[in-house]
2 protein chains.
Amino acid sequence: MSTDRHPATVYLSASDMIRLVRRKGLSACIAGVAGRIEREFLRWHEFDKSARLACHSPVGVIELMPIADASRFAFKYVNGHPGNHRHGLPTVMAFGVLADVATGAPRLLSELTLTTAIRTAAMSAVAARRLARPDSRRMALIGNGAQSEFQALALRDLVGIRELRLFDIDPAASAKLAANLAGQGLELRRCASVAEAVRGADIVTTVTADKRNATILSAAMIEPGMHINAVGGDCPGKTELHPGVLEAAAVFVEYEPQSRLEGDIQQMPADFPVTELWQVLEGRHPGRRDARQVTVFDSVGFALEDHAALTFMGETAAELGIGELIELVPRTADPKDLFGLLRDEPQAPARRAAATVADGCMSAAA
Amino acid sequence: MSTDRHPATVYLSASDMIRLVRRKGLSACIAGVAGRIEREFLRWHEFDKSARLACHSPVGVIELMPIADASRFAFKYVNGHPGNHRHGLPTVMAFGVLADVATGAPRLLSELTLTTAIRTAAMSAVAARRLARPDSRRMALIGNGAQSEFQALALRDLVGIRELRLFDIDPAASAKLAANLAGQGLELRRCASVAEAVRGADIVTTVTADKRNATILSAAMIEPGMHINAVGGDCPGKTELHPGVLEAAAVFVEYEPQSRLEGDIQQMPADFPVTELWQVLEGRHPGRRDARQVTVFDSVGFALEDHAALTFMGETAAELGIGELIELVPRTADPKDLFGLLRDEPQAPARRAAATVADGCMSAAA
């Protein structure tokens, strides 16, 4: 049968993704994903959207996040297990798939652990670019774990942050973050408390992992004109902001039905006013009203961001010749004869470096 | 870091699965999956169940089917595109994952196209063993596509079927089925109509692909004592039985909330009586009442069957040393230092034949 009809899937492993990001450059990846997220958010009504499916256990959550437009279906598998570091595992691990809506054939299978950190930071930057004061230079970064470097660099590159105030309940995490960001053009200061880190900040990013209703930020800490980039409260029972912070702010979300369940606004009445960010990007809503308004981006992570990230990473992999073809779906001479696969001699393994099929990868991610 | 902490994932490609089924034997695989399905259905209340998430387009559907017990989360990706044969692709393609609930780490990624045909047939046999008359020998098989051989062999092995009456609107499909089943101990007869195939049958299996409200079986075709194994009606707007067939029968389903949406019973009022099959397996419900009752298994395919199939295939792969380890999730020396992966020298690729890590595979699928 022809190659066209072969339902091969491009596979990007974690090692492939590390190689891809090193070769393309982290800043270029963040900017590329941010650009793609904006493009997709401007097509908001073309997507078949749903709140993600979550499976909760006492120690964490496993989620499936599907979304589709007329041509591509995407989903991400992602967990959140705050105690995973005790097993030597990341808190958040993820992978995802892009498939053809026309046939259901899976075209790209990719790691999304590293990619989720990149897309979450890119999303934060897309929001802050519209919601923070344009002269924002100082950011407090509360929670200095696996996602914090990506937040710092995204907000440096795309929003203009030049000073960081760091705080984490684990001093080793802050030390790691400071070491990783040395020489990156950011003035860093480690702080002894959340309050100290937040004081005088233009943007406050909270990216903590604890799965409970925490009060990372109280109303007393908030100063006029601040933009709060609330990343860590993203699960029922997992919040970071005191309700008083939300009450005094203009609150923006990704996809309201999901954010009502998972965001910091889960603490608020069902009619608490929020604005979906696509409205700001499209110019229907002005975003920040004035330099003294407090804005909150109550980020939970929405499937559309993963659709955008998968598309960008798939295209970049094709461009760089990274990845390999795998046979996730059998090749059949006669698609009505699945049984025939068992009768015939086994086929030769179908592995090929994706570099040799760059066209295929391109179309996989187009 | 130690191997214990390495979140490696066992990968079973389509070629691996073909090899596995050839080496283990198709009958052994069907029987093994059927046994595992029964075992899991007897633990019905230990599973966190939900109806699958479906994304419909004019030409087909893409679904995600998650389920979890206290230790394992499983999901399947599966499509249904009746026109796929025109692209040289199977109507149904699938893959799935088993993950640890305790950490969220994905432990097994497997093709499920071939496996879905096996588990669907195994499920039909599990139901027919309880619902068909014990002396059932003749089965009508309506729809002779990719799943039909598996249905024939499962019902031969586990229910005692010896004669098959075949019908398909595509004569080439029936010819393929007849050729594939030659020498398998089944007496075959190709029929010119559904009515001819159904006449005198003990069991009627419908496994057609057309995505519409079709009337494959009408009430006039049904004879006392028949068991109807309705496999193809599994989507909103995709049914096979005339409502009159259901009205006159005792109807059994897998998981009622999903079957009300997707099964042939989608045509019936919300209070139309049905029985979940686990109740029959557990002995709470007698199943067939007498030799003249008509029984219907309104099968749609439930995530628990895939959980069972993934577990069986993972164990069998470990036993036979089939599969390989992939790096779907990055290995990190410090799980809070994802950024460090980009700073350090790239790691060597982590491919190893699963045969060298049989213990790991075992625990992956336990």
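In this predicted model, the largest nonpolar core has 80 residues, and of these A:Ile118 and A:Phe150 touch the most other members. The greatest contribution to this core comes from helix H3 of chain A, residues 113-131, which supplies eleven residues. If neighbours within four places in sequence are left aside, A:Phe150 is in contact with A:Leu26, A:Ile30, A:Leu114, A:Ala117, A:Ile118 and A:Ala121, and also with B:Leu338, B:Phe339 and B:Leu342 of chain B. Apart from this core lies another one, of 79 residues, which includes B:Cys29, B:Ile30, B:Leu114 and B:Ala309. As general background, nonpolar side chains tend to be buried together in soluble globular proteins.

The next element to follow is a sheet in chain B, where eight strands are arranged in the order E9-E8-E7-E10-E12-E16-E14-E15, forming an open sheet with parallel pairing. Strand E9 (187-190) and strand E15 (275-276) of chain B each have a single partner strand, so one side of each is left without a neighbour in the sheet, and these two stand at the edges.

Within this sheet, strand E7 (residues 138-142) and strand E8 (residues 163-167) of chain B run parallel and are joined by five bridges, with B:Leu141 standing opposite B:Leu166 in E8 of chain B. Helix H4 of chain B, residues 148-159, packs on the sheet and touches E7, E8, strand E10 (203-206) and strand E12 (227-230) of that chain, its direction making about 165° with that of E7. Helix H5 of chain B, residues 171-181, also packs on the sheet, where it touches E7, E8 and E9 of chain B, and its direction makes about 170° with that of E9.

Methods: Residues are numbered from 1 along each chain as its sequence is written. Chains are lettered from A and ligands numbered from 1 in the order in which they are written. This is a predicted model: local features need pLDDT of at least 70, side-chain atom pairs count only at pLDDT 80 or more; totals for chains, interfaces and linings use all residues. Side-chain values use heavy atoms; hydrogens and water are left out. Two strands pair if DSSP finds at least two bridges between them. Helices (H or I, at least four residues) and strands (E, at least two) are DSSP runs, numbered from the N terminus. Contact means heavy atoms within 4.5 Å. Axes are lines fitted to C-alpha atoms, for helices over the stretch in contact, and angles run from 0 to 180 degrees between N-to-C directions. A nonpolar core is a set of buried Ala, Val, Leu, Ile, Met, Phe, Trp, Tyr and Cys residues joined through side-chain atoms within 4.5 Å. Buried means under 20% relative accessible area, exposed over 50%, partly exposed in between (1.4 Å probe, protein chains only).
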